[in-house]
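I opened this notebook to keep track of what I looked up in one structure, step by step.

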Amino acid sequence: MTEAVEYDVVVLGAGPTGENVADRTRAAGMSTAVVESELVGGECSYWACMPSKALLRPVITRADARRVAGVRSAVQGRLDAPEVLAHRDDYASHWKDGGQVRWLESTGARLYRGQGRLHGPRKVVVSGPENEHHVLIARHAVAVCTGSRAVLPDLPGVAGAKAWTSREATSAQSVPGRLVVVGGGVVGTEMATAWQALGSQVTMLVRGKGLLPRMEPFVGELVADALTEAGARVRTDVSVAAVQRDGGGGPVTVVLDDGELIDADEILFATGRAPRTEDIGLETVGIDPGSWLRVDDSCRVEGSEWLYAVGDVNRRALLTHQGKYQARIAGAAIAARAQHVPLLETDRWGAHAATADHDAVPQVVFTDPEAAAVGRSLAEAEATGRRVRAVDYDLGSVAGAGLFVDDYRGRARMVVDLDREIVLGATFVGPGVGELLHSATIAVAGEVPINRLWHAVPSYPTISEVWLRLLETYRD
């Protein structure tokens with residue numbers, strides 16, 4: 001029988017979230033084991049954030065340059081698709097994780113390769129390569145950081161059609177002539193932007209009324225307009241009924257619910273994600289396999305004293321930076337409980353509460369134009385029953401925006417709590433707005449009073465001067 005090895009903490013999953021839990025518990029002096037069944041670095045490093053942004057960066061750079069006098073004539077040619085794909089491969093480390101393994105081991109954590117499964121409280125069995133087995137006992141905590149996976153819809157023909165998910169869309173080695181993108185969320189809009197610019201004829205099929213429905217409505221409208229101008233077809237209020245592809249090769253035919261047929265070379269479904277918890281032994285601790293894990297603000301699973309769920313698996317905010325944020329909170333909480341240090345549970349913004357998941361989640365969508373938002377939208381703020389006001393401003397009227405690109409098109413919105421006079425949320429859409437977001441995040445997370453924001457003077461002439469314009473509009 002395999003001898004059990006004890007650690008203070010056992011982490012399932014070595015993506016950015018799991019890596020950061022391990023880093024924080026090791027920094028607190030706790031022995032830590034990390035179990036990974038695929039590549040150390042996780043989805044973000046190889047099939048999501050890094051490769052997708054490597055695909056999008058030349059797209060956005062060319063688009064911006066084409067809007068600047070004196071430069072536009074020099075950048076009218078096509079993108080060098082093979083060079084872009086090669087650059088993407090570099091940023092995905094050619095799907096090898098040696099560098100990430102070295103970093104993880106430098107923290108002092110022990111890496112176990114294989115599938116980790118719970119076998120009752122505080123016990124993890126790792127089924128490794130070549131039938132190796134390891135039994136790990138966690139003295140204080142097991143942290144589930146296994147992330148999420150893309151879900152294909154249960155439609156006729158999908159199973160045999162070799163449809164793309166986000167993984168195939170970010171790692172494809174050639175440009176499809178015709179690409180159908182099903183879904184109008186972040187993955188759908190970003191991948192439509194990238195592959196249209198790289199040479200695909202893109203058709204977007206969106207079941208709802210518009211793109212990026214979790215953001216303010218004007219964001220999706222501007223992104224849809226830009227995609228259409230770039231040559232993509234954006235169709236809303238349509239649903240896919242079936243997919244046809246003979247033998248999983250050759251062209252694919254998409255059947256809409258009204259019987260219309262659309263032919264393409266590839267189809268991407270960007271329609272949802274599910275937690276990767278179906279094969280980690282949750283049933284041995286009384287939890288349904290495949291379920292999202294409900295947690296408190298320290299990321300401890302409800303009803304448990306030792307089980308934590310950090311990152312996508314708890315469904316609080318499916319974003320890499322939020323998973324890393326939760327990891328810092330959870331790592332601190334695990335260490336505090338192990339050392340019998342009182343948790344700062346009464347402090348909403350203390351070291352042991354992931355309050356930003358409720359009130360200050362930032363996100364950038366790297367489309368053309370970019371979209372960026374933090375905190376609550378107007379509709380979300382109104383739904384809480386607060387007295388709120390939306391303050392809007394045309395970003396193209398800001399001097400710095402006009403200098404950034406000619407004929408700048410964009411918009412900013414600030415949502416204000418009228419009783420407390422603080423910013424509950426902010427949204428920007430337009431070229432280069434991703435770099436505006438952190439100032440907004442500080443204002444929201446810091447609950448900075450409007451009167452104090454008047455003293456945060458934006459430099460002239462930058463796009464950040466929109467903050468002054470928003471405050472002036474609010475005052476008037």
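The entries below follow the order in which I looked things up.

**Entry 1: the model.** Before anything else, I noted that this is a predicted model, and I kept that in mind for each entry that follows.

**Entry 2: cysteines.** I recalled that a disulfide is a covalent bond between the sulfur atoms of two cysteines. Taking Cys299 as an example, I found that the nearest cysteine sulfur belongs to Cys145 and is 8.9 Å away; because a disulfide needs the two sulfur atoms within 2.5 Å, Cys299 is in no disulfide. I also looked up accessibility, and wrote down that Cys299 is buried, at a relative accessible area of 0%, whereas Cys49 is partly exposed at 23%.

**Entry 3: salt bridges.** My next count, over the structure, came to 36 salt bridges, and I picked out a few to look at in turn.

- I found Arg88 and Asp89 joined by their side chains in a salt bridge, at 2.7 Å from N to O; Arg88 is buried with 0% relative accessibility, and Asp89 is buried as well, with 12%.
- I then turned to Glu305 and Arg300, whose closest N and O atoms are 3.4 Å apart in a salt bridge.
- In the salt bridge between Glu465 and Arg469, I read a distance of 3.0 Å between the closest N and O atoms; Glu465 is buried at 8% relative accessibility, but Arg469 is partly exposed at 21%.
- Elsewhere I noted that Glu38, Glu43, Arg167, Arg273 and Arg276 belong to one network, joined by salt bridges that share partners.

**Entry 4: a pocket.** I finished with the second largest pocket, which holds about 620 Å³ of space. I listed 23 residues in its lining, and those nearest the centre of the pocket are Ala63, Arg67, Ala226, Ala230 and Asp368. Which helix gives the most to this lining? I found that α8 does, with five residues, and that α3 (49-65), α7 (186-198) and α8 (217-229) each supply at least two. Sorting the lining of the second largest pocket by class, I recorded eleven nonpolar, two polar and ten charged residues.

Note on methods
Residues are numbered from 1 along each chain as its sequence is written. This is a predicted model: local features need pLDDT of at least 70, side-chain atom pairs count only at pLDDT 80 or more; totals for chains, interfaces and linings use all residues. Side-chain values use heavy atoms; hydrogens and water are left out. Buried means under 20% relative accessible area, exposed over 50%, partly exposed in between (1.4 Å probe, protein chains only). A salt bridge is a side-chain nitrogen of Lys or Arg within 4 Å of a carboxyl oxygen of Asp or Glu. On a 1 Å grid over the protein atoms alone, a cavity is a set of points where a 1.4 Å probe fits but cannot get out, and a pocket is an open set with protein on both sides within 12 Å along at least five of seven lines; lining residues have an atom within 4 Å of a point. Grid points are joined across faces, edges and corners, and a volume is the space filled by probe spheres set on the points. Helices (H or I, at least four residues) and strands (E, at least two) are DSSP runs, numbered from the N terminus. Ala, Val, Leu, Ile, Met, Phe, Trp, Tyr, Cys and Pro count as nonpolar, Asp, Glu, Lys and Arg as charged, and the others, Gly among them, as polar.
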